[in-house]
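Dear colleague,

Please find below the structure I promised to hand over, followed by my notes on what was found in it.

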Amino acid sequence: MILILAATATGVAAVIVLTALGNGARQFVVNQFSSMGSNLVIALPGRNETTGGPPPMFGSTPRDLTLNDALALKSAAGVARLSPVVIGTGPVSRGSMSRDTPIVGTTAELQRIRDLEVAQGKFLPAGDPRRAVAVALLGHTLKQEIFGDAVAVGEWIRIQDRRFRVIGVLQEQGNSFDLDWNEIVVVPVATAQQLFNTQTIFRVLMTQREGSDLPELKQELHRIIAQRHDGEDDITILSQDSLMKTFDKVFNALTMALAAIAGVSLIVAGILIMNVMLVSVSQRTGEVGLLKALGATKRQILLLFLNEALLLSLGGAIVGLLLGITGSALVRQLYPTIPAYAPEWAIFGGVSIALSSGLLFGWLPARRAAELDPVIALMGSK
Amino acid sequence: MIELTDISRHFTMGDQTVRALDQINLTINPGEYISLMGPSGSGKSTLLNLIGLLDTASSGRYLFDRQDTTDMTDHKLAELRGRHIGFVFQSFHLIPRLSAADNVMMPMTLAGIDIAQRRERVTKLLQRFGIADRADHRPSELSGGQRQRVAIARAMVMQPSLILADEPTGNLDQRSGKEVVEQLEALNRDGITLIVVTHDDDLGQRAQRQIKLVDGQIVSDSGASEPMGIDHLLA
């Protein structure tokens with residue numbers, strides 16, 4: 001009996017804790033996205049439609065997305081801020097020290113779009129983005145590697161064979177867009193294009209104006225590019241919204257999968273209930289025979305054993321529920337950033353599956369008991 | 001009240017057919033005290049089970065209280081058993097988890113009788129059989145004689161018209177056995193039909209009517225009702 005209680009309780013607790021973890025992870029990612037600003041819109045070259053997945057790896061890009069194209073997108077009514085980005089790598093050196101490092105070419109507006117904090121000096125100057133000025137900002141780690149504790153602002157560095165004046169140092173920060181922002185050099189976008197000898201913009205980051213309609217904005221961005229590319233609408237627009245939806249889907253699927261795995265343990269518990277009940281019926285054959293002699297109908301015997309199975313699984317479900325809730329609370333205590341709360345459907349579902357598996361697997365032994373021949377049953381226990 | 005006509009009970013074991021009862025004709029009137037005797041395997045327990053509606057005949061007709069039980073549903077048979085027949089077994093058959101009072105109460109619980117009436121009747125019966133002070137004890141805490149008295153109280157609780165006792169003293173010492181028999185006979189004096197299966201000649205001889213079985217057939221019946229038999233043959 002304790003075995004049945006333990007098996008059912010473990011199953012229910014597993015459903016609750018695992019779905020709480022899945023749900024917590026989803027909420028964690030959503031929170032991270034929200035902290036980035038949920039109004040981010042990204043344009044990238046290439047026509048391949050995606051719904052928030054990774055940018056297309058293959059596919060034709062018949063025309064480059066140029067700096068002028070990027071700046072033209074600013075005319076869309078729904079765009080609040082816009083910053084074209086070019087990314088490449090190149091050697092950055094000072095004196096005898098040199099290292100290859102990611103180089104990000106962008107404009108002054110990126111600071112506001114990405115909420116970049118400058119530790120020393122200032123960010124890229126506002127002004128015509130087409131002007132290739134030889135100034136650079138250094139990521140926190142890169143500055144430490146090249147300058148150590150010395151002041152970097154106002155000093156000169158080399159990127160490839162060109163000299164750049166350091167105008168600022170970024171504050172330490174996390175990864176984003178697969179880049180470690182502590183390791184990079186930021187230069188004006190036109191300068192980066194010259195360095196990498198390219199016309200193409202890697203990404204255009206935009207923020208959506210408050211109150212504007214996202215589908216309308218996307219439509220307008222496509223229209224502007226189509227107009228400039230002789231009718232070819234060859235950019236892909238990603239929004240925070242669609243990225244979030246994708247993550248949401250992924251994490252919901254993950255949570256469901258975890259719930260299903262845990263659910264299997266409830267089925268196992270059900271089989272255990274069946275085995276224990278079968279043993280119980282064979283041990284209580286005499287009792288069944290007696291009850292029949294005393295006037296019990298088949299239906300009464302069936303209900304008696306079904307009730308026992310139901311009570312056992314109910315007991316297990318209640319213990320499991322308490323364990324699951326405690327387990328989730330423990331996860332939240334240990335990892336406060338993960339809001340590990342089991343969704344209501346998982347709690348309800350876990351308990352329901354436990355009860356129905358108890359009933360389902362209790363049916364066979366109960367039926368066997370109800371069908372026992374009273375004479376044989378009474379003889380069996382003599 | 002009980003009328004068995006050409007009752008046979010066959011069991012098939014592999015390719016062999018065992019005739020446990022063969023063409024039994026028997027009429028039992030209300031209030032009779034009957035002992036069923038015979039060697040092991042003579043069919044006396046099978047006959048008791050058939051009379052008690054726990055088993056059904058392979059052929060023949062059984063009228064219980066003028067109702068033909070031949071084609072009765074399991075449900076109806078269970079109802080008749082519960083309301084009209086009390087069983088007393090050699091090995092008591094008490095439910096070990098339940099107290100003496102709850103064991104006695106069980107037939108009423110199955111019949112759906114309300115709790116107040118159940119308690120009242122159980123208390124009276126336990127007093128009558130001298131085990132009121134053992135009401136809350138489990139069977140394992142009772143002596144053999146006390147257990148059988150609980151079983152008799154249970155058999156009586158639905159106020160049946162027939163009590164079937166299968167070797168009721170078989171597991172008891174002489175003194176307890178005598179007490180149990182006296183209690184069963186007292187019930188018979190109150191008008192309840194009593195049928196006792198026994199190996200014990202002394203016990204068998206106490207009955208007003210002794211029926212002896214051998215190889216599934218009645219070989220002697222001290223109180224066979226001839227007129228009924230003749231009626232049956234003429235019918």
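I begin with B:Glu182, which is partly exposed because its relative accessible area is 36%, where buried means under 20%, exposed over 50% and partly exposed in between (1.4 Å probe, protein chains only). B:Glu182 forms a salt bridge with B:Lys178, the closest N and O atoms being 3.3 Å apart; the term stands for a side-chain nitrogen of Lys or Arg within 4 Å of a carboxyl oxygen of Asp or Glu. Both residues lie in helix α6 (residues 174-189) of chain B, four residues apart, so about one helical turn separates them; helices (H or I, at least four residues) are DSSP runs, numbered from the N terminus.

As to the source, this is a predicted model, in which local features need pLDDT of at least 70 and side-chain atom pairs count only at pLDDT 80 or more, while totals for chains, interfaces and linings use all residues. Residues are numbered from 1 along each chain as its sequence is written, chains are lettered from A and ligands numbered from 1 in the order in which they are written, and side-chain values use heavy atoms, with hydrogens and water left out.

In helix α4 (residues 115-128) of chain B, B:Lys124 and B:Glu120 are likewise four residues apart, and their side chains meet in a salt bridge (3.5 Å, N to O). Elsewhere, A:Glu287 pairs with A:Arg284 at 3.5 Å between the closest N and O atoms, and A:Glu287 counts as buried because its relative accessibility is 13%. These two residues belong to a network of salt bridges that also links A:Glu308 and B:Arg97.

Technical notes:
Helices (H or I, at least four residues) and strands (E, at least two) are DSSP runs, numbered from the N terminus.
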